[in-house]
Amino acid sequence: MPPDARILIVDDHQDTLYALENVLAPLGHRIARATSGDEALKQVLRGRVGLLVLDVRMPGVSGLDVVRYLRRLEQTQHIPVVLLTGFGPDQELTSTAFGLGVADLVMKPVDPLALRTKVRYLYDAHQRYLTLQEETLALRAQVRDLGAERPDARVPVQRDAEARASGPRTPTATPTAP
């Protein structure tokens, strides 16, 4: 996610968008708006969206439909999504949302401090995840290049993983003769 990635807030009611924008503005991230599921998908597919705050029930393409679509695409499947619902607790909705990999399901009216805290955490955690992915790819490229330069070189990658998996080894005492 680029450093200028936006938080995309999606709701079919302008007053809710305005309220959400005011709640999230203190985080200091760029905020974009969408008033429909279709518009949200277009913005996400253009790139530079780091997190979605998405209303569940909208005319046309619902919030759940948006999430289903995003999870099918490699470039969007890890974008954190916070779903908003104003229809109270619903076990089926909760099950479906978390089954799709939604980060959180928040009831309206929204507690501003709680939402801001969740969004800050999810945005930052996703940023760290993407940074680690980039570093991993760079390290793999370096190892691949090293292997191309020195075909006889061996990199014992598995040994470290095996040692951690089996845990520390305790030395066995050998009896000493008196």
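Gln43 sits in helix H2. The model examined here is predicted. Is Gln43 buried or exposed? Its relative accessibility is 10%. Burial requires a value under 20%, so Gln43 counts as buried.

The surroundings of Gln43 were examined next. Leaving aside residues up to four places away in sequence, Gln43 touches Arg6, Leu8, Ala32, Arg33, Ala34 and Val49. A polar atom of the Gln43 side chain lies 2.8 Å from the backbone oxygen of Arg33.

Helix H2 spans residues 37–46. Helix H3, residues 63–72, lies across S3 and strand S4 (81–85). The angle between helix H3 and S3 is about 150 degrees.

These strands belong to a sheet. How many strands form the sheet, and in what order? Five strands form an open sheet, ordered S2-S1-S3-S4-S5. The pairing is parallel. Strand S2 (31–34) and strand S5 (104–107) are the edge strands, and each pairs on one side only. On average, neighbouring strands of this sheet are turned by 20 degrees against each other, direction ignored.

One pairing can be followed in detail. Strand S1 comprises residues 6–10. Four bridges link S1 to S2 in the parallel sense. Across this pair, Ile7 stands opposite Ile31 in S2.

Methods
Residues are numbered from 1 along each chain as its sequence is written. This is a predicted model: local features need pLDDT of at least 70, side-chain atom pairs count only at pLDDT 80 or more; totals for chains, interfaces and linings use all residues. Side-chain values use heavy atoms; hydrogens and water are left out. Two strands pair if DSSP finds at least two bridges between them. Helices (H or I, at least four residues) and strands (E, at least two) are DSSP runs, numbered from the N terminus. Axes are lines fitted to C-alpha atoms, for helices over the stretch in contact, and angles run from 0 to 180 degrees between N-to-C directions. Contact means heavy atoms within 4.5 Å. Buried means under 20% relative accessible area, exposed over 50%, partly exposed in between (1.4 Å probe, protein chains only). A polar contact is a pair of N or O atoms within 3.5 Å; within protein, one must be able to donate a hydrogen and the other to accept it, and residues adjacent in sequence count only if both atoms are side-chain atoms.
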